[in-house]
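I opened this two-chain model to see how the chains meet and how the pieces pack.

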Amino acid sequence: MKLTLFQWLACGSLALVLIFELLRLRRGGQLFGMWLLRSVIWLAALVAIADPDLTQRLARVLGISRGADVVFYVFVLAFLGTSFHFTTRHTRLQRQLNLLVSRLAIRDAERGRATEPAPREPKA
Amino acid sequence: MDSGVFIIVRAFNEGARLGASLDGLLPRFPDVVVVDDGSSDDTALVALQRPVWLVRHAINCGAGTALKTGMEFALGQGARVLVTFDADGQHDATEIDRVIEPVLAGRADVVLGSRFLGKSERMPWTRWLVLKGGIAFTRLFSRLRVTDTHNGFRALSAEAARRIRLTQPRMAYASELMDQLRVQKLRYCEVPVTIRYTDETLAKGQSSWNALRIVAELVVGRLIR
């Protein structure tokens, strides 16, 4: 199997990313589940680019005509999932922020004063 | 005189109109809470020139959050009846007695002002159409037989204000409040009120297209708990 220049560049970059992920795992301080998810995505991308026939074979197994369609459908599902994830996070964060703003506002409530009457003009 | 009636006035960039609204309220209702929702104009200054409570949001959080803040503050001050009142002069302070009467008499936990039972001055036909759609939406989803929706003129007993759970930060809170009437099994009634539309309030107020945004916020809000 002869790789094209693009495949070399893309697979090389993805291999570097995977090495970086492994180093990050050794350093610790992150959730293993999130690390695994990221690593699986990079690895899947590397394999799909290195061997495009693999997605074609997967497409046939799934009853989809073309490998490119498999990639497209996966991206659509991933996009929807990611959008919902970030919408949820954004909404929850907004609620927390609003609660904080509200509590601070109540703590710092001020009482206004009655307007003092304007000084009268001295009679000429 | 400590009547226990607290008027909650939400204000966002209402410096030009707030003073007149407060001057209409203050002679009869000494307990007024102005919630300045992160205004960039002189709204806070106008409020502080009068004997009212000023609760200031550091940033604009939306009408729903402002109402929650006002309710929480008023309850903390010992409110028995809470009235929500617009800052822009659309509501008539002389109608407050009529709005709070069912709560004071113990006949209702929540009183909703209805412009369709009362009067609407200079309401554009597009607003009329959107409101009628909103009423149909409320009747369908909240299963409440109401004649108006998204009317900011209401009265709540302290108990009702404690029980109502609002999560919607912006205008969709009004629909959520209707849902809560059913969920919390609160007794409610409608009373006729007057809404005055002016060129200024129409220019600044909600766009009729906001109805779509409100529906989207409600859907997302129901998915995310």
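My entries follow, starting with the ground rules.

**Ground rules.** I am working with a predicted model, where local features need pLDDT of at least 70, side-chain atom pairs count only at pLDDT 80 or more, and totals for chains, interfaces and linings use all residues. Residues are numbered from 1 along each chain as its sequence is written, and chains are lettered from A and ligands numbered from 1 in the order in which they are written.

**Chain A against chain B.** I looked up the contacts (C-beta atoms, placed from the backbone, within 7 Å). I found 19 residues of chain A in contact with 24 residues of chain B. On the chain A side, α4 (67-107) and β1 (110-111) each give two or more residues; helices here are DSSP runs of H or I with at least four residues, strands are runs of E with at least two, and both are numbered from the N terminus. I see that α4(A) supplies the largest share, twelve residues. By class, I get six nonpolar, eight polar and five charged on that side; Ala, Val, Leu, Ile, Met, Phe, Trp, Tyr, Cys and Pro count as nonpolar, Asp, Glu, Lys and Arg as charged, and the others, Gly among them, as polar.

**The sheet.** Which strand of chain B does β1(A) join? I traced two bridges to β3 (residues 53-57) of chain B, running antiparallel. Strands pair if DSSP finds at least two bridges between them. A:R111 sits opposite B:W53. The whole thing is an open, mixed sheet of eight strands, and I read the order as β1(A)-β3(B)-β2(B)-β1(B)-β4(B)-β6(B)-β5(B)-β7(B).

Angles run from 0 to 180 degrees between N-to-C directions, with axes fitted to C-alpha atoms, for helices over the stretch in contact. Then α4 (residues 96-104) of chain B lies across β1, β4, β5, β6 and β7 of chain B, at about 150° to β4(B).

**Back in chain A.** I found α3 (residues 52-62) packed on α4(A) at about 80°, axes 7 Å apart. So α3(A) is roughly perpendicular to α4(A) (65 to 115 degrees). Residues in this contact include A:L58 and A:L62 of α3(A) and A:V70 and A:V71 of α4(A).

Methods. Two residues are in contact if their C-beta atoms, placed from the backbone, lie within 7 Å. Angles under 35 degrees count as roughly parallel, over 145 as roughly antiparallel, 65 to 115 as roughly perpendicular and the rest as oblique.
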